[in-house]
Amino acid sequence: MKKYKTCIHRLGDYNSNFICMKREDLIPFSFGGNKARKAKYFFDEIDRGNFDSVVTYGSGSSNHCRIISNMAKQRGLECYIISPKEAFEETFNQSMMNLFDAKIQVVSVNEVSDTIEKTLESLKNSGKKPYFIQGGGHGNLGTRAYVDCYEEIKEYEKENGITFDYIFFASGTGTTQAGLVCGKLINNDNRKIVGISIARKNPRGRDIVLSSIYEYFSEKNIEKDSSLIEESTIFVDDYVGNGYGNMNDDISKTIENMISNYGIPMDSTYTAKAYNGMEKYIEKNNISGKNILFIHTGGTPLFFDYLKNKNI
Ligand SMILES: *Cc1c(COP(=O)(O)O)cnc(C)c1O
């Protein structure tokens, strides 16, 4: 499989640290982002199989659902999306899902899993062959996408004679984090991988990352000391505010500063929340003199929702 590769560039200094950014948002399909990187692995399986439809789930603002429906459309496959009504919003991602003819079923949040089962069953009963993708691209394939991303970071370090002491990014379902931590452990590296939670609180948020790591290692028959796995899994829940999508003035400032001074779009749900959280974490822990990598995980259409909602 041909993989996506994204650039890393210097951003500037913060608290006497050297900050670089890895631009997953520039993956060249459907506005990129970590969901695009993961989706490639799922569609690689789909392309090798005999599937005629795809079923997944996510909110109306989901980057994952946009990309899955775009990739399905590109291949002429039917795409079914189950969306919880509580998180249903009119967003640019939503408009694109409609443009790609995704068949969206909006149900209450506690009916999501039943509706998925029913949808899969009725497709199979009508002689179709659906491929199911977990929300957010969760699961071992999604984890693998970020083990490979970790290897890309290693390559960059080797070519440029730099070692990142810290890697920060927005952590949601935790697959991105699980993949990066697995990559670090496989390479026996000694750096800190810090997931800034955008919604989940501990211990649950971190436990989900841990279970993804164990699941991946067990599938690959990799043995790692569990205390080392525990110690390597840093899931920071200090900056979630009132949960998923909740934002504050500091996050707005980060969005406006990033686009004005660096020309980089960020969104309030994921990347700006995480970037702002990273800055606060750096200050709180007196981190200085380090090389720091922030992974921009995408979500560019949500940047435009931000502008629209602010009436700019
Ligand atoms: C989904 C998403 C995340 C979180 O990734 P996980 O692998 O679910 O933790 C971060 N940033 C953006 C822009 C996303 O769409």
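1. Asn221 sits in the loop between α7 and α8 (226–232). Helices here are DSSP runs of H or I with at least four residues, strands are runs of E with at least two, and both are numbered from the N terminus. Asn221 has a relative accessible area of 69% and is therefore exposed. The terms are used as follows: buried means under 20% relative accessible area, exposed means over 50%, and partly exposed lies in between (1.4 Å probe, protein chains only). The phi of Asn221 is near 55°, which is a positive value in a residue other than glycine.

2. A note on the source: this is a predicted model, in which local features need pLDDT of at least 70 and side-chain atom pairs count only at pLDDT 80 or more, while totals for chains, interfaces and linings use all residues. Residues are numbered from 1 along each chain as its sequence is written, and side-chain values use heavy atoms, with hydrogens and water left out.

3. Asn15 also deserves a look in the backbone. Its place is the loop between β1 (8–14) and β2, and the phi of Asn15 is near 55°, a positive value in a residue other than glycine. Asn15 counts as partly exposed because its relative accessibility is 37%. Another backbone point is the peptide bond from Asn202 to Pro203, which is cis, with omega near 5°. Pro203 lies in the loop between β8 and α7. Most residues other than glycine have a negative phi, and most peptide bonds are trans.

4. Which strands pair with β10? Strand β2 (residues 17–23) runs parallel to β10, and 6 bridges join the two. Strand β7 (residues 166–171) also pairs with β10 in the parallel sense, over 3 bridges. Two strands are said to pair if DSSP finds at least two bridges between them. For Tyr166, the bridge partner in β10 is Ile292. Strand β10 (residues 291–296) is mostly covered, with 5 of its 6 residues buried.

5. The structure holds 19 salt bridges. A salt bridge is a side-chain nitrogen of Lys or Arg within 4 Å of a carboxyl oxygen of Asp or Glu. Side chains of opposite charge can pair when their charged atoms come close. In one of these bridges, the side chains of Arg23 and Asp25 meet at 2.9 Å, N to O. Arg23 counts as buried because its relative accessibility is 8%. Asp25 has a relative accessible area of 5%, so Asp25 is buried too.

6. Arg48 forms a salt bridge with Asp44, and the closest N and O atoms are 3.3 Å apart. Both residues lie in helix α1 (residues 34–48), 4 residues apart, which is about one turn of the helix. Are these residues buried or exposed? Arg48 counts as exposed because its relative accessibility is 62%. Asp44 has a relative accessible area of 22% and is therefore partly exposed.

7. Lys201 forms a salt bridge with Asp237, with 3.9 Å between the closest N and O atoms. This pair links distant parts of the chain: Lys201 is in the loop between β8 (192–197) and α7 (204–219), Asp237 is in the loop between β9 (234–236) and α9 (249–262), and the two are 36 residues apart. Lys201 is partly exposed because its relative accessible area is 46%. Asp237 has 13% relative accessibility, so Asp237 counts as buried.

8. Lys22, Glu24, Arg37 and Glu152 are linked in a network of salt bridges.

9. Glu86, Glu111, Asp114, Glu117 and Glu121 gather in a patch of negative charge on the surface. A patch is made of residues with over 30% relative accessible area and no salt bridge, like charges being joined within 9 Å. Asp and Glu count as negative, and the place of a charge is taken as CG of Asp or CD of Glu. Glu86 is found in the loop between β4 (78–84) and α3 (92–99). Glu86 counts as exposed because its relative accessibility is 53%.

10. Ser30 lies in the loop between β2 and α1. Ser30 is buried because its relative accessible area is 13%. The C-alpha atoms of Ser30 and Met71 are separated by 8.5 Å, while the two residues are 41 residues apart along the chain.

How values were computed: Patches are made of residues with over 30% relative accessible area and no salt bridge: like charges are joined within 9 Å, nonpolar side chains (Val, Leu, Ile, Met, Phe, Trp, Tyr) within 5 Å. Accessible areas come from the Shrake-Rupley method with a 1.4 Å probe; for residues, only the protein chains shown count as cover.
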